[in-house]
Amino acid sequence: MEKKFIEVWEDTVSLQDLLIAMFISLLLGLGGYLIAPARPPLPLIFSLIGTVIAFIVNSVLFKQKRKFQIQEME
Amino acid sequence: MDFMLLIQLILAAVAGAVVYTLIGVAPGTDETAVLAPVTLAIVLAGVNPMVVLCFFMSAIVAKKLTDSIPVAVAGIPGGVMAAPMVEHAVQLKALGLADSSIRKMASGSVIGTLVAVPLSLLLARALIPLGPVISKHAGIIFFFGAIFLALMAKEKIISLISILPFGILIIALRHFYWGIGVVPRERTPFISFFLAITIGPMIYNLLEVAVSSKRREMERAEGKLIELAPDQPVTGRVPNPFKILNSQERVSSILGSILGTATFFMSPVGMTIFIGEIFSSRIKDTAKKAAVAISTMDAITNATYIAGVLIPLIALGVPLSPMALGPANPLFNAPPVLTLENNLHHILSFANISFATIVGALIALAITYPITIKYSRPICLFVFRRIPHESLLAMFFTLVMILAFMDAGLVGMIGVILLAMVAGMINRWGVNYGVQFMILYAAPWMINTFFAR
């Protein structure tokens with residue numbers, strides 16, 4: 001069988017999805033930092049907002065890779 | 001009390017409770033890795049110290065309540081601190097008692113919090129005279145702290161061997177940043193070093209994907225199998241947390257919390273296993289034994305956590321507990337906003353700290369306890385089904401990169417990866433967070449005393 005997932009940090013991910021997710025996250029996070037007015041703490045706040053948006057985008061864009069099974073009663 | 005401040009405290013507590021109720025459920029979310037970067041960002045964003053503390057207390061109480069949910073429902077720890085409970089919770093799940101085990105753990109959590117908050121405040125007051133002595137000799141104390149934690153660790157020898165080389169790596173990188181001029185001499189870069197240790201195990205694991213032989217070992221044909229306990233919906237009113245436990249479970253939870261508070265300077269995971277097994281080992285019946293173990297352990301984790309933050313914060317002003325070195329570290333040291341000479345210990349009075357803590361803890365209990373009892377299964381399913389692991393990994397990675405960029409620019413982002421490689425590797429070998437953070441604090445004293453000319 002083709003092995004299409006990898007297990008990282010206790011859960012399974014697809015390598016391609018992970019790389020795209022990291023790219024989107026870094027883009028919005030660091031992008032927020034760079035477009036913010038250079039008055040601390042604004043750059044940090046902008047990049048935090050960017051990171052949260054990226055988290056939501058990634059969660060909508062990618063499907064989780066877990067498999068569920070309801071346990072039988074013993 | 002300023003009315004606006006009170007509103008801010010309440011909002012911070014609600015935000016902390018809601019966010020960490022969800023994060024607590026997500027599998028593999030290490031407390032240090034998910035709490036420290038967020039707290040650090042909030043401190044650096046210039047939020048009022050009382051509001052930060054209130055957020056933090058609410059977040060840990062909520063996270064400790066919910067990280068036991070996936071343990072009970074799926075046998076997967078929602079955090080490092082929930083790991084000791086897995087074995088017992090899996091036994092209860094196999095007996096079809098998953099919902100009873102959630103209630104018992106939640107109840108243990110509530111008891112642990114309610115015992116630890118007042119007890120820690122009292123103990124901290126008693127230790128206040130020690131504060132000035134300890135902070136005056138902080139360097140040498142951190143050094144002996146590193147040796148002490150190394151000797152308490154499972155892997156004693158490699159932990160001891162790591163102290164000097166890891167200390168040298170930290171100081172070398174600092175001097176490199178100063179040398180090439182990315183950080184001015186008068187500022188000591190700290191945040192990126194702290195984050196590198198925090199996120200080390202995760203980065204190390206991510207980098208292993210780039211090693212072809214390692215990647216083959218990590219490849220899976222199917223997604224991680226999550227075995228869920230059968231659905232047993234909770235109906236009616238939310239039960240009183242004090243009536244869920246029988247008298248034996250209640251007594252051992254309370255005693256466990258007291259011991260956990262008194263041993264605030266020890267490793268929380270270590271104490272949880274140690275005390276929890278003492279209370280449960282004499283019981284023969286499997287189900288009874290498991291129930292005592294999980295309720296007591298959940299109480300102890302809460303107590304060691306709360307005491308580990310409050311006692312050093314109130315009495316000492318330097319992070320001298322694994323908890324204060326780890327997740328709560330940004331409350332002690334987040335330059336340029338907070339430093340070891342000017343942190344929450346110095347800025348806030350005893351009354352301020354107590355008030356922010358109590359507001360945070362009570363709001364988290366009031367929000368998260370009923371949710372945990374009534375909606376544990378839907379929350380667990382929501383997180384498992386809707387939150388891909390990719391977006392969690394990407395978010396924490398980005399958070400670290402941004403903060404590293406702020407600390408030391410582009411080269412700081414590479415520096416974090418370098419340090420995380422080493423920190424992650426020695427972490428894998430058994431040099432735990434406590435030892436590594438002690439080395440981070442002890443490094444300047446060590447290098448000056450032993451090697452500088």
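I looked up B:Phe56 and found that, leaving out residues up to four places away in sequence, B:Phe56 touches B:Leu35, B:Thr39, B:Val309, B:Met323, B:Pro327, B:Ala328 and B:Leu331 (contact means heavy atoms within 4.5 Å).

I note that the model is predicted, with local features needing pLDDT of at least 70 and side-chain atom pairs pLDDT 80 or more, while totals for chains, interfaces and linings use all residues. Side-chain values use heavy atoms, without hydrogens and water, residues are numbered from 1 along each chain as its sequence is written, and chains are lettered from A and ligands numbered from 1 in the order in which they are written.

Next I looked up the cores (sets of buried Ala, Val, Leu, Ile, Met, Phe, Trp, Tyr and Cys residues joined through side-chain atoms within 4.5 Å; buried means under 20% relative accessible area with a 1.4 Å probe, protein chains only). The largest nonpolar core has 171 residues, and A:Val8, B:Leu53, B:Phe56, B:Ile60, B:Phe166 and B:Leu331 touch the most other members. Helix α20 of chain B, residues 389-429, gives the most to this core, 19 residues. I also found a second, separate core of 5 residues, including B:Met266 and B:Phe279.

Then I turned to chain A. Its pattern along the sequence is β-β-α-α-β (DSSP runs, helices being H or I of at least four residues and strands E of at least two). The C-alpha trace of chain A spans about 60 × 30 × 20 Å along its principal axes. Of the 74 residues of chain A, 45% count as buried.

Definitions and conventions:
Buried < 20%, exposed > 50% of the residue type's maximum accessible area, 1.4 Å probe, protein only.
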